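Please look through the sequence and the model below before reading on. The paragraphs that follow move from charged pairs at the strands to the pairing of those strands, and then to the core.

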Amino acid sequence: MDAWKGIIRDQMKPELPDVNSGDTVDVHYRVVEGDKERTQVFSGTVIRLRGSDTGATITVRKVASGGVGVERIFPMHSPFIADIKVRKHGFVRRAKLYYLRERRGKSARLKEKSTVG
C-alpha cells in the first residue's frame with residue numbers, strides 16, 4: 001500500500017493555484033477523441049473541495065445555455081488537467097455551496113473577496 005502511494009505522490013502537481021469554495025475558475029482539461037487530443041475549458045464556480053493530498057477533488061458548477069446547471073468533478077492531480085486558472089475569489093461563509101443549486105439569476109451571484117493592500 002505504501003509503495004502505491006509513493007508512485008502517486010511522485011505524480012502530484014506542485015504548481016496548482018490556491019483554490020477555495022466560491023472561486024470562479026477556468027479548468028483546462030485535456031480531451032482525447034480517437035487519435036486527436038484537444039484542450040477543453042470548463043469555467044464555473046467551485047462549490048466543493050474534497051479530500052487532501054493525492055485524492056483531492058474540486059466540484060465546479062456552471063450554468064449552461066438554456067439555464068441548465070452543469071457540475072463536474074475534477075481530480076486536482078489528474079494528468080488530464082492542463083491548467084487551473086482562478087479568475088475571481090468569491091467571499092463565502094460556507095465550505096460547501098450546495099445552496100447555489102436552487103438559486104437563479106442575481107441571487108446566485110457571489111460577492112468578490114476584497115483585497116486590502
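A salt bridge is taken here as a side-chain nitrogen of Lys or Arg within 4 Å of a carboxyl oxygen of Asp or Glu. This is a predicted model, in which local features need pLDDT of at least 70 and side-chain atom pairs count only at pLDDT 80 or more, while totals for chains, interfaces and linings use all residues. Residues are numbered from 1 along each chain as its sequence is written, and side-chain values use heavy atoms, with hydrogens and water left out.

Side chains of opposite charge can pair when their charged atoms come close. Across the whole structure, a search finds 6 salt bridges. One of them links R38 with E33, whose closest N and O atoms are 3.1 Å apart. For accessibility, buried means under 20% relative accessible area, exposed over 50%, and partly exposed in between, with a 1.4 Å probe and protein chains only. On that scale R38 counts as partly exposed because its relative accessibility is 38%, and E33 is likewise partly exposed, with a relative accessible area of 44%. A salt bridge also joins the side chains of E37 and R30, at 3.8 Å from N to O; here E37 counts as exposed at 56% relative accessibility, whereas R30 is partly exposed at 30%. The side chains of K85 and D83 meet in a salt bridge of 3.8 Å, N to O, and K85 counts as partly exposed at 44% relative accessibility, as does D83 at 32%. Salt bridges that share partners also bring R61, E71 and R101 into one network.

The strands come next: helices (H or I, at least four residues) and strands (E, at least two) are DSSP runs, numbered from the N terminus, and two strands pair if DSSP finds at least two bridges between them. Strand β1 pairs with β2 in the antiparallel sense over 10 bridges, and V27 has F42 as its bridge partner in β2. The two strands form a hairpin with 2 residues between them, and G34 in the turn has a positive phi of about 70°. Strand β1 is also joined to β5 by 6 bridges, again in an antiparallel arrangement, with V25 standing opposite V86 in β5. Because 7 of the 10 residues of β1 are buried, this strand is largely enclosed by the rest of the structure.

With contact meaning heavy atoms within 4.5 Å, and leaving aside neighbours within four places in sequence, D26 is in contact with V41, F42, S43, D83, I84, K85 and R87.

In soluble globular proteins, nonpolar side chains tend to be buried together. A nonpolar core is a set of buried Ala, Val, Leu, Ile, Met, Phe, Trp, Tyr and Cys residues joined through side-chain atoms within 4.5 Å. Of the 14 residues in the largest such core, V25, V27, I58, V60, F74 and I84 touch the most other members. At least two residues of this core come from each of β1 (24–33), β2 (36–50), β3 (57–63) and β5 (81–88), and the largest share, 4 residues, comes from β1. Not counting residues up to four places away in sequence, V60 touches a set of residues including V25, V27, F42, V70 and F74.
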